Amino acid sequence: MVHSNSLFSCAVLGAAAQSAVPDGYELRPLELTDFRKGYIDCLANLTVVGDVTEQLFAESFEEMQRAGGYFVVVIEDLASQRIVATGTLVVEQKFLRMCGRVGHIEDIVVAEGQEGKRFGKTIVTRLLHIAETLGCYKSILDCAEDNVPFYEKCGLTRKAVQMALYAPNK
Ligand SMILES: CC(C)(COP(=O)(O)OP(=O)(O)OC[C@H]1O[C@@H](n2cnc3c(N)ncnc32)[C@H](O)[C@@H]1OP(=O)(O)O)[C@@H](O)C(=O)NCCC(=O)NCCS
Ligand SMILES: *[C@@H]1O[C@H](CO)[C@@H](O)[C@H](O)[C@H]1NC(C)=O
């Protein structure tokens, strides 16, 4: 059972969260009801999402809520009740660095037509704030070469390389 409509407590977003977006928009944790506000459509601006039904969405939401450490943030356009931007922080618990934590920033998307309003930077800044609040000693992400200047504006620097192995038939 899902315990709350909200994926995580908005308290960790910090007091500056709401003033970080213009009037008419709301920055907040992902809610179960965001399926009906086009959350999946927003994600589709980034990559293939597939035919995610409301049931499947709810199961995945519940899985993340139960596991903890998943911080999916959205920006809603209040007039249209549509999700126009999103980003995720996953907090990884470690043994090394005195049982430290690492923040993984994932799935930063600003919907087509909504770029250049600082939504991307605002979300990344909020996710970095959450990571810091939760004691992460670093936050990392993978991105396309084209997006390097954007992440540099968010305060990150280039480090190491990404490697990948894709499962066949997935
Ligand atoms: C890349 C993306 C997240 C940027 O979000 P955005 O809301 O349009 O960007 P912001 O308005 O927050 O930009 C913040 C700063 O970065 C700069 N910037 C943004 N994208 C940039 C780019 N591709 N190249 C150079 N600078 C860029 C902006 O000019 C701005 O600079 P400023 O603070 O000096 O004015 C967004 O365009 C997007 O979702 N694109 C498609 C999906 C995608 O590629 N996601 C990233 C996957 S790794
Ligand atoms: C991008 O996101 C918007 C807002 O959620 C959505 O309406 C639109 O269909 C998406 N576009 C694509 C190409 O996925």
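These notebook entries record what I looked up on salt bridges, strand pairing and cysteines in this structure.

**Entry 1**

I am working with a predicted model.

**Entry 1. Arg28 and Glu76**

I looked up the partner of Arg28 and found Glu76, with the closest N and O atoms 2.9 Å apart. The two residues belong to distant parts of the chain, 48 residues apart: Arg28 sits in strand E1 (residues 25-29) and Glu76 in strand E2 (residues 70-77). I then checked accessibility, and both Arg28 and Glu76 are buried.

**Entry 2. Strand E1**

I asked how E1 and E2 are arranged. The two strands run antiparallel and are joined by five bridges. Within this pairing, the residue of E2 that stands opposite Arg28 is Val74. I also examined burial along E1: four of its five residues are buried, so the strand is largely enclosed by the rest of the structure.

**Entry 3. Asp41 and Arg82**

I next looked up Asp41, which forms a salt bridge with Arg82; their closest N and O atoms are 2.9 Å apart. Asp41 lies in helix H1 (residues 39-43) and Arg82 in strand E3 (residues 82-93), so this pair ties together parts that are 41 residues apart in sequence. Asp41 has 46% relative accessibility and therefore counts as partly exposed. Arg82, at 35% relative accessibility, counts as partly exposed.

**Entry 4. Arg158 and Glu145**

I found a salt bridge between Arg158 and Glu145, with the closest N and O atoms 2.8 Å apart. Arg158 is in the segment after helix H5 (148-153), whereas Glu145 is in the loop between strand E5 (136-140) and H5; the two are 13 residues apart. Both Arg158 and Glu145 are exposed.

**Entry 5. Cysteines**

I searched the whole structure for disulfides and found zero. Cys10 is in no disulfide, and the nearest cysteine sulfur, in Cys136, is 19 Å away. Cys10 has a relative accessible area of 52% and is therefore exposed. For Cys154, the closest cysteine sulfur is that of Cys143 at 10 Å, which is too far for a bond; the cut-off for a disulfide is 2.5 Å between sulfur atoms. Cys154 counts as buried because its relative accessibility is 11%.

Technical notes. Residues are numbered from 1 along each chain as its sequence is written. Chains are lettered from A and ligands numbered from 1 in the order in which they are written. This is a predicted model: local features need pLDDT of at least 70, side-chain atom pairs count only at pLDDT 80 or more; totals for chains, interfaces and linings use all residues. Side-chain values use heavy atoms; hydrogens and water are left out. A salt bridge is a side-chain nitrogen of Lys or Arg within 4 Å of a carboxyl oxygen of Asp or Glu. Buried means under 20% relative accessible area, exposed over 50%, partly exposed in between (1.4 Å probe, protein chains only). Two strands pair if DSSP finds at least two bridges between them.
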